[in-house]
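Some labels in a structural description rest on cut-offs.

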Amino acid sequence: MARIKDFPDLIPVFPLPGALLLPRARLPLHIFEPRYLAMLDDCMKTPQRLIGMIQPRSVPQSDEKALHSIGCAGRLTAFSETEDGRYMITLTGISRFRLRQEVSGFTPYRRAEVNWEGFERDCGDDEQDSGFDRDKFFDVLKRFFTIHGLSTDWDSLTEADDELLINSLSMLCPLEPDDKQALLEAPSLTTRRETLVTLMEFALRGGPDEAMQ
């Protein structure tokens, strides 16, 4: 089992809008930009093989892209190289982190000093959601999938355990980057499920356009 005290204070960060990684979940990525190919090469030379996924955010009156204060580090657990030098990789979520500061240097990719404290639960056993009403949840989910024209294997979804179900849907559902950030920052699985339901219900009501009428 991973331990926070063993994690490095400095990690490479990959600011990718809308890409959400959660602890114990898996995120497939297609790496082809030269700076991120360099990041991947450097990552594979480290014992932990960690990459921090983090959401960029706009800076008022500037073209600069800052970073949100909380991200999630994933361990590189699978990769394959294509004939033209690109990589297909999988990151497995290890723990969320709090951004301390970005670190400038000679790498073409971004790096940051991070703080792992406060996220010890991420390194523990799977979370449970004792108040999870699956019938009501799937009613909302099916209507949400319908309005977005999405299809899925409903039998597999209904058989998934609480954490796998909620975290997978949080990562895969078509939601705005700020909504994904809210799901990432949820302090517990129950809070994440409640946030996800709220976001889906908001979409079913028509979102901000209908709220303004």
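A salt bridge is a side-chain nitrogen of Lys or Arg within 4 Å of a carboxyl oxygen of Asp or Glu. This is a predicted model, in which local features need pLDDT of at least 70 and side-chain atom pairs count only at pLDDT 80 or more, while totals for chains, interfaces and linings use all residues. Residues are numbered from 1 along each chain as its sequence is written, and side-chain values use heavy atoms, with hydrogens and water left out.

Q: What makes Glu163 and Arg24 a salt bridge?
A: Their closest N and O atoms are 2.7 Å apart, and the cut-off is 4 Å, so the pair qualifies. Glu163 lies in helix H4 and Arg24 in the loop between S1 and S2, so the pair ties together parts 139 residues apart in sequence. Helices (H or I, at least four residues) and strands (E, at least two) are DSSP runs, numbered from the N terminus.

Q: Why is Glu163 called buried?
A: Its relative accessible area is 5%. Buried means under 20%, exposed over 50%, and partly exposed in between (1.4 Å probe, protein chains only), so the label follows.

Q: Why does Arg24 count as partly exposed?
A: Because its relative accessibility is 24%, which falls between the two limits.

Q: What makes Arg134 and Asp162 a salt bridge?
A: The N to O distance is 3.1 Å, which is within the cut-off. Arg134 lies in helix H2 and Asp162 in helix H4, so the pair ties together parts 28 residues apart in sequence.
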